[in-house]
Amino acid sequence: MENTHLKAEWLKKYAIVPQTLERIKEVKSVATAFNTNVDAVLKISGKKIAELAQKLGLSLKELEDIHHTKLEKPQDVLKGLFKCFKSGIAEEWLTEDKTIYDWMVNNLGYDRLQMGGQGGIVANALAVTGAKKVYAHTNSLPALQAKQFLALENLLSFDENGQEQAAYKINREKDIPLIHWILEFDKGDSTTIDGQTFTCPKSNRFIATYDPLNLRLIMDKAFTKKMSSEEIEYVVLSGYHALTENNNGVKLTEDSLPLIHQWKQNGDLIHLEIASTQDIAVRKTIIFKIAPHVDSVGINEREAIDILEVTGHEELAKKCNDDTHSINMFKALLNIKKTLKTPRIQLHMFGLYLTLQDKDFKISPDSNLRGMMLAATVAAGKAGTGNINEAKNLLWAQGQEVSDVGINELKDLGKYLGKPQLAETGFAEVEGYDLIGLPTILVDKPKTLVGMGDTISSISLIGAR
Ligand code: GLC
């Protein structure tokens, strides 16, 4: 079938999106855990990078001499930033040293503060879509953090006395703000170091994180108490990715398992966002110890490759890396499904979302498709307007056609599976599993990308009604 015809078919299907959004209002309760922080976002120019390198006395050779991805000196911030700028990639490096944080305050500054951390970002997104109660876990909630929560009465957290309150009104005065620097750079910008010029190939960001609490998975007792005492319809879990083996990360990850079991016993549906986990030991713990116990997992193509790399499938990982096409990525998804044994796994990639789930899973393929269409619309709204802080932005992209990229990817996959109807219906059965595939709406010049994956995964799930 021609793409124009397929696009018209999908436009008809997407027409249900406003109704799907309405139905989120039926969701009684959602919780997000664990990582909430403040993001200090700064657009940094190539010129400024060169100035900072000079100020810190860094030669090109020194800038490129990287032995670790931990920020031990201000120079390391420049090394990470330069590496990401010249290759157009995204990385996050961590520090435990407050003097690095102070150096960033004094030498970098920021353009704006916004909500950071998967937990915080998802909490804002779900509250604006209208779920009745959204509980956000915060291990630090001074006024500066509280201000990053949307001023909505259905968005809740806990004050210093453990009392439930609208998150934006809380001020736990003794808490320290946890600020992550998001250094964004633009495609086409260039920097000249030691007479050599480097041009950035893709807009992206480098994150420099000082966060003594999230790096230790510190939990708020009032939150965990609430969570163990009653059923919460959905829990969106993340925040393990910043842990490291040296920082007791493996044990901290394992220690959260009793909580997960308790929540499951209460009847909660638990979704885990894997996120980009650099530490291999922690990544393996998430994959083998946590993921098998949750109901649903969310990954992007990079995270899928990361999983293959540590589960003995290096060859497939390499294939996916060399050609990040829907066929290879589906093979990855199927492989990961078998390793993790999680009932539902959703992969989102450029132009396409794929959900693979057990036949008897409690969310039907039809519901999944509805949730995914809502997520694709909201994600395009976020990219097109810059934020989804207001309900009106959620449906900004409603009525736009899906992209050719997505249609072609889905067509190719359907052909490969011997199920060409996939490109038209979005459904196929593969090896006894249900596959749901969705071509998405793409925005030409996205105004923002940070937190996009978290938004897609959580809205796909909570919108699957
Ligand atoms: C990581 C970063 C956080 C950022 C988030 C976006 O959790 O630490 O600063 O907001 O990713 O997904």
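Author: We'll go through the sheets, the helices on them, and then a surface patch. Keep in mind that this is a predicted model.

Reader: Fine. What is the strand order in the open sheet of eleven strands?

Author: The general idea comes before the case. Strands of a sheet pair through backbone hydrogen bonds, parallel or antiparallel. Here the order runs β7-β6-β5-β1-β12-β13-β14-β15-β16-β18-β17, and the pairing is mixed. β7 (164-166) and β17 (427-430) are the edge strands; each has a single partner, so one side of each has no neighbour in the sheet. From one strand to the next, the twist averages 25 degrees.

Reader: How many bridges join β6 to β7, and in which sense do they run?

Author: Three bridges, with the strands antiparallel.

Reader: Now the open sheet of five strands: which strands stand at the edges?

Author: Read the order, then look at its ends. It goes β3-β11-β8-β2-β4, again with mixed pairing. β3 (91-95) and β4 (112-116) are at the edges, and each has a single partner strand, so one side of each lacks a neighbour in the sheet. Neighbouring strands are turned by 25 degrees against each other on average, direction ignored.

Reader: What about the pairing of β8 with β11?

Author: Strands β8 (179-185) and β11 (204-210) pair in the antiparallel sense over six bridges. Glutamate 184 faces arginine 205 in β11. Helix α5 (residues 74-87) lies across β3, β8 and β11, at about 175 degrees to β3.

Reader: Last one: which residues make the nonpolar surface patch?

Author: Phe350, Val405 and Leu442 make a patch of about 250 Å². Leucine 442 lies in the loop between β18 (433-439) and α20 (452-462). A patch residue needs over 30% relative accessible area; leucine 442 has 31%, which makes it partly exposed.

Technical notes: Residues are numbered from 1 along each chain as its sequence is written. This is a predicted model: local features need pLDDT of at least 70, side-chain atom pairs count only at pLDDT 80 or more; totals for chains, interfaces and linings use all residues. Side-chain values use heavy atoms; hydrogens and water are left out. Patches are made of residues with over 30% relative accessible area and no salt bridge: like charges are joined within 9 Å, nonpolar side chains (Val, Leu, Ile, Met, Phe, Trp, Tyr) within 5 Å. Accessible areas come from the Shrake-Rupley method with a 1.4 Å probe; for residues, only the protein chains shown count as cover. A salt bridge is a side-chain nitrogen of Lys or Arg within 4 Å of a carboxyl oxygen of Asp or Glu. Helices (H or I, at least four residues) and strands (E, at least two) are DSSP runs, numbered from the N terminus. Buried means under 20% relative accessible area, exposed over 50%, partly exposed in between (1.4 Å probe, protein chains only). Two strands pair if DSSP finds at least two bridges between them. Axes are lines fitted to C-alpha atoms, for helices over the stretch in contact, and angles run from 0 to 180 degrees between N-to-C directions. Contact means heavy atoms within 4.5 Å.
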